[in-house]
Amino acid sequence: MPKPLIVANWKMNGSLEGLKDFFEKLDLREYAEAVVLPPAVYIRDCISAIGNRALAVGIQNIWTEDAGAFTGEISAKMARDIGAYWALVGHSERRQLQKESDELVKQKLECSLKAGMNVIVCVGETLEERLSGQAESVVSKQLKKVLAIDLTKIQNEVVIAYEPIWAIGSGESATLEEVKEMHAFIRNVLLGVLGTLGANVRILYGGSVTAENSADLIKQDHVNGLLVGGASLKADSFSLILNALD
Ligand code: PGA
């Protein structure tokens, strides 16, 4: 397994001034592989602010076609063209607010891979689903539907992010026990769906990751990285998360 992957999901936050300050202050060391997902309008500015430091930039959402009459959308091919190497698909905010289905997420995954990008696929259950004992079946269904493509000839990386919806932005992450259990379960589903390839897929945890809980989370079996929202907006807290293994 390569280094842990730590991803900053800025969502619809940030500014031109703020991003320059962020990258100036960011303490980048060698413990993790880092990716920042800014709002798409700031991708180029992030790339210039990063310079030659080891930090990749990605896009939070893409459309399912390379080009065409899709007002307001951005294709994976375009994002790749301007230097974004990662695409995030299936985030629960898009599944809920934009009503994105597993089928659409699958198409976005395929399109991003075709464009030569690495892809982070988000899965996760609602609180109601967890309380009624359906967390595993919901996550397994999402994985099976989205990963129903041939990944054997893919050169790029597909990463899974487990983000329980109730933990996102709530200030309360899943417990270490819950994370451990679900990540082991996801690993088994991946082995079932992808065969031996499933052993090498990095599984990230996301949902109220902070500078305080990141070290414990990253030490759990089958936690191969973190997807960070709120705590990735400030250089000091994101630096602490990046260096949690220090
Ligand atoms: P959070 O968001 O860290 O603010 O909970 C995580 C995410 O939605 O990716």
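**Helix packing and the ligand site**

Let's start with H7 and helix H8 (residues 176-194), which pack at an angle of about 35°, their axes 10 Å apart. Here an axis is a line fitted to C-alpha atoms, for helices over the stretch in contact, and angles run from 0 to 180 degrees between N-to-C directions. Helices are DSSP runs (H or I, at least four residues) numbered from the N terminus. You are looking at a predicted model, in which local features need pLDDT of at least 70 and side-chain atom pairs count only at pLDDT 80 or more, while totals for chains, interfaces and linings use all residues. Residues are numbered from 1 along each chain as its sequence is written, and side-chain values use heavy atoms, with hydrogens and water left out.

H7 and H8 cross in a right-handed manner; that is, the near helix is turned clockwise from the far one by less than a right angle. On the H7 side, Ala 135, Glu 136, Val 139, Ser 140, Leu 143 and Lys 144 meet Met 182, Phe 185, Ile 186, Val 189, Leu 190 and Val 193 of H8, where contact means heavy atoms within 4.5 Å. These residues divide into 9 nonpolar, 1 polar and 2 charged (Ala, Val, Leu, Ile, Met, Phe, Trp, Tyr, Cys and Pro count as nonpolar, Asp, Glu, Lys and Arg as charged, and the others, Gly among them, as polar).

H7 (residues 135-146) also packs with helix H5 (residues 102-114), at about 45° and with axes 8 Å apart. The two are therefore oblique to each other, the class left once angles under 35 degrees are called roughly parallel, over 145 roughly antiparallel and 65 to 115 roughly perpendicular. Asp 102, Val 105, Lys 106 and Leu 109 of H5 touch Gln 142, Lys 145 and Val 146 of H7. By class, that contact holds 3 nonpolar, 1 polar and 3 charged residues, and the crossing is right-handed.

Now turn to helix H1 (residues 16-25) and helix H2 (residues 43-50), with an angle of about 30° and axes 9 Å apart. H1 and H2 are therefore roughly parallel to each other. Leu 16, Leu 19 and Phe 23 of H1 meet Asp 45, Cys 46, Ala 49 and Ile 50 of H2, giving 6 nonpolar, no polar and 1 charged residues.

Finally, the ligand: 13 residues surround it, the closest being Lys 11, His 91, Glu 163, Gly 169 and Ser 208, with a heavy atom within 4 Å as the cut-off. An oxygen atom of the ligand is 2.7 Å from an N or O atom in the side chain of Lys 11. For Ser 208, a polar backbone atom is 2.7 Å from a ligand oxygen atom, and for Gly 230 a backbone N or O atom lies 2.8 Å from one.

Key. A polar contact is a pair of N or O atoms within 3.5 Å; within protein, one must be able to donate a hydrogen and the other to accept it, and residues adjacent in sequence count only if both atoms are side-chain atoms.
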